[in-house]
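Trainee: Before we look at the model together, could you show me how to read its sheet, its rings and one of its helices?

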Amino acid sequence: MPQQVTVFLYFDQSRLVNKKRVVLSDVASVYTTDPVVQQKVGAIELYCFPKEKKEKKAFSVLKVIELVGNSYPEVSVTPVGESDFIVEYMPDGQANKAKLFDWCKTAFVCLSVFFGAAFTIVTFNKDASVEEIFSMIYRLTEGAERGGPGELEIAYSIGIPLGIILFFNHFMRKKIDSDPTPLQVQMRQYEKDVNSTIIENASREGRKEDV
């Protein structure tokens with residue numbers, strides 16, 4: 001009886017691939033003390049996408065364990081990470097188009113956020129009567145109204161962009177510290193929610209690769 005070999009497979013929730021034939025090493029981190037077994041297990045074919053188009057496929061780790069067991073019965077698989085994962089296929093020809101589309105979406109979102117935030121600030125100032133409040137503060141503290149912008153207007157104008165920079169933890173391409181920005185946190189949370197929904201829908205509809 002051959003000696004049992006333990007192989008650890010770590011799966012992320014989602015992996016992007018650029019080739020139709022997907023092997024385990026493309027979507028998982030494979031580790032074992034035997035380098036020959038590690039290479040063989042990593043070369044096991046997981047799936048082959050039928051068409052040259054963008055597609056997402058949901059898999060169960062049990063399917064991976066079944067594939068490894070059928071190919072190498074002497075290998076014991078210990079999965080680490082996600083129990084269900086997604087493989088996203090993006091053909092090389094569509095990668096450049098996707099990048100261009102992403103840049104266009106990014107530019108559109110930046111313009112929308114910029115003008116939307118400017119409109120929101122102007123509307124807030126008008127609704128809250130910030131100008132009248134500043135005038136009242138000047139009357140209470142100095143006994144007369146200012147004829148033009150004063151210390152409050154200057155501090156207010158500096159404080160708004162400074163607060164935005166500190167909140168989003170970014171200035172141009174530089175980060176203030178190593179912490180992720182609130183926008184990055186929300187984007188990662190959105191990505192997790194999308195992947196979870198895809199996995200759940202695939203499981204309900206019977207499209208998930210399972211045992």
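This is a predicted model: local features need pLDDT of at least 70, side-chain atom pairs count only at pLDDT 80 or more; totals for chains, interfaces and linings use all residues.

Mentor: Residues are numbered from 1 along each chain as its sequence is written, and side-chain values use heavy atoms, with hydrogens and water left out.

Trainee: In what order do the three strands of the open sheet lie?

Mentor: Strands of a sheet pair through backbone hydrogen bonds, either parallel or antiparallel. Strands here are DSSP runs of E with at least two residues, helices are runs of H or I with at least four, and both are numbered from the N terminus; two strands pair if DSSP finds at least two bridges between them. In this model the order is β2-β8-β6, with mixed pairing. Because β2 (14-17) and β6 (55-60) stand at the edges with a single partner strand each, one side of each has no neighbour in the sheet. From one strand to the next, the twist averages 25°. Strands β2 and β8 (residues 84-89) run parallel and are joined by four bridges, and Leu16 stands opposite Glu88 in β8.

Trainee: Which strands does helix α3 touch as it packs on the sheet?

Mentor: Contact means heavy atoms within 4.5 Å, while axes are lines fitted to C-alpha atoms, for helices over the stretch in contact, with angles from 0 to 180 degrees between N-to-C directions. Helix α3 (residues 61-71) touches β6 and β8, and its direction makes about 75° with that of β6. Helix α7 (residues 182-205) also packs on the sheet, touching β2, β6 and β8, at about 100° to the direction of β8.

Trainee: How many aromatic pairs does the structure hold?

Mentor: Rings of Phe, Tyr and Trp (its six-membered ring) pair if their centres lie within 6.5 Å, and planes under 30 degrees apart count as stacked, over 60 as edge-to-face and the rest as tilted. The structure holds seven such pairs. The rings of Tyr47 and Phe59 have centres 5.7 Å apart and planes at 75°, so this pair is edge-to-face. Tyr47 lies in strand β5 (residues 45-48) and Phe59 in strand β6, 12 residues apart, so that the pair links distant parts of the chain. Ring pairs also join Phe11, Tyr47, Phe49, Phe59, Phe85 and Tyr89 into a cluster.

Trainee: Are Tyr47 and Phe59 buried or exposed?

Mentor: Buried means under 20% relative accessible area, exposed over 50%, and partly exposed in between (1.4 Å probe, protein chains only). Tyr47 is buried at 17%, and Phe59 is buried at 1%.

Trainee: Why do the buried residues of α5 line one face of the helix?

Mentor: The arc is that of the directions from the helix axis to the C-beta atoms. In α5, Val130, Phe134 and Tyr138 are buried; seen down the axis, the buried residues fall within an arc of 80°, so they line one face. The face turned away from that buried side carries the exposed residues Glu132 and Leu140. Glu131 is found in this helix (residues 130-142) and is exposed, with a relative accessible area of 66%.

Trainee: What is the phi of Ser129?

Mentor: Most residues other than glycine have a negative phi. Ser129, however, has a positive phi near 55°, and this residue is found in the loop between α4 (92-128) and α5. At 25% relative accessibility, Ser129 is partly exposed. Just after α5, Gly143 takes a positive phi of about 80°.
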